[in-house]
Amino acid sequence: MDLSEAPRMAKEPNSDPSNNNNNNSNNKNKFLSIMSQPFRWLKMLSSELNPSFIAGVILVYGLSHGFSSSYFKVVSDYYWKDVQKLQPSVVQIYIGIYAIPWVMKPIWGLLTDAFPVRGYLRRPYFVIAGVVGATAAVAVAVKGGLGVLEALGLLIGISAAMAIADVTIDACIVRNSIEVQWLAQDLQSLCGACSSIGHLIGYSASGFFVHLLGAQEALGILAIPPAMIILLGFFMHETPSITLQYNGKSKAGSIKQVGVAIRDTCKAIKYPHVWKPSLFMFLCLSLSISTHEGQFYWYTDKKAGPAFSQESVGLIYAIGSAASLIGVLIYHKTLRNLKFRRILFFAQIFYGVAGFLDVIFVLRWNLALKIPDQLFVVLEECVTRIVTRIRWTPMMVLNTRLCSVGIEGTFFALLACIDSLGTLCSKWSGGLVLHAFGVTRSDFRNLWMVVLLRTVLRFVVVAFVFLVPDANQSDILVPADQTMIRKSFSSTNVKEDGDSIPLVSMKGEGRG
């Protein structure tokens, strides 16, 4: 080797630290860019829409829809099991009963579309929802010796508060999805992300508070989210209609609006591309019978089941909620541009396959495979939540695509009602099947058969996927004449009353 090359070769290692520093700097910048991406995304949504609307979505879907529903699910299960001492099949029926407020969503939607309070169509209903929810939660927590029917009534009140807040913010979301169509998928991703984070916190806290306070007292925590919803009713931007606030004809106008909304809703639901996907979503939910209560009782049984503690149950569900965020990310990054039929076809198949993990767990085959109960149930919960989120998000996007301007609250609530009816049928049929197979508080011998039946029915749904339109998620599915009718009616109102009713804040409102 030429000695003249030695100094040059000796200097080469000295240049490496500079290269390493540059690489480290680039890696750091990439990391910061990835970490800041959600905040830049929220900033973009806030700039395109109203910031208070985005805050409302985060609050309702994160705190009410996410935290409250997940916390309520676990704590009420323990309340029925440990305080009221009921059988799992009976609890399954009761869960269906206090889900009835969700079936009534078209009524709440009609109220938010046609019956303003002091000129406001949205904000007052957030306040009403908050008052009802907070009152019911405090009452069920502090009143001792509650009978089954009395407790059921208060739990229905908590559920009704969540349903009213949900349908009110959904009306705002649908309106924005119609007006700014390219953000429809982003809004559903935001809803899914907030809901998953709320579920994560709710499930994590549920077992802890049940252990610390007891099942009945822990229900009192559910008064906090409704109190925040009351605040939302005061700070969310909405321009009041002066005409509806002061004109004596407002009552007659509201009644006329109800008639028009019902007429247009009935007309819209008759379109094949509306009732067919609605039927699919109903079948998708109703045929997958719910076995939750039977599995929950088995989870906590010290003889037949794995005997998970209160904290463990909450932690398992919390990990599943964290995994559902992965489902949101997968959809947002890779699946949002697929056609509705294609994504729902494969999502339903994977949903059926995930159901076999429950069968394996109930039969305890995981122990034969040397997989501990804790590890296997976490794996099963994560897979199920990811697939469920991927399956559910495009359904919500499809629902927004089926709505038309002017009746967005009523019609989206009707579609949500159809989904809720499917869920109700799922819970009640699941309760009847649990009873028919003799699954009780202490007898779980036939639980695996019920879970297997549920899994097989999930595959049956695949046969109905032809009902879903073979359209892109960005396509307009509502006929042009339907939208034109609604816009024409809105314009007529403006001319007659001299004031339009802004259903939700759009870009530029309230920002100076």
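In helix H7, Ile 173, Asn 176 and Ser 177 meet Ala 184, Leu 187, Gln 188 and Cys 191 of helix H8, a contact being heavy atoms within 4.5 Å. By class, this meeting place has four nonpolar, three polar and no charged residues; Ala, Val, Leu, Ile, Met, Phe, Trp, Tyr, Cys and Pro count as nonpolar, Asp, Glu, Lys and Arg as charged, and the others, Gly among them, as polar. This is a predicted model, so local features need pLDDT of at least 70 and side-chain atom pairs count only at pLDDT 80 or more, while totals for chains, interfaces and linings use all residues. Residues are numbered from 1 along each chain as its sequence is written, and side-chain values use heavy atoms, with hydrogens and water left out.

H7 covers residues 148–179 and H8 residues 184–213, and the two pack at about 155° with their axes 8 Å apart. Axes here are lines fitted to C-alpha atoms, for helices over the stretch in contact, with angles running from 0 to 180 degrees between N-to-C directions. Helices themselves are DSSP runs (H or I, at least four residues), numbered from the N terminus.

Another pair is H15 (residues 310–335) and H18 (residues 373–401), packed at an angle of about 45° with axes 7 Å apart. That angle makes H15 oblique to H18, since angles under 35 degrees count as roughly parallel, over 145 as roughly antiparallel, 65 to 115 as roughly perpendicular and the rest as oblique. Their contact has 16 nonpolar, five polar and three charged residues.

Beyond four places in sequence, the contacts of Trp 80 include Lys 85, Tyr 94, Leu 155 and Tyr 297.

Lys 85 itself sits in the loop between H2 and H3. It is exposed, at 54% relative accessible area, and has a positive phi near 60° despite not being glycine. Lys 105, in helix H5, counts as buried because its relative accessibility is 3% (buried is under 20% relative accessible area, exposed over 50%, partly exposed in between, with a 1.4 Å probe and protein chains only). Among the residues that Lys 105 touches are Asp 166, Asp 170 and Ser 420.
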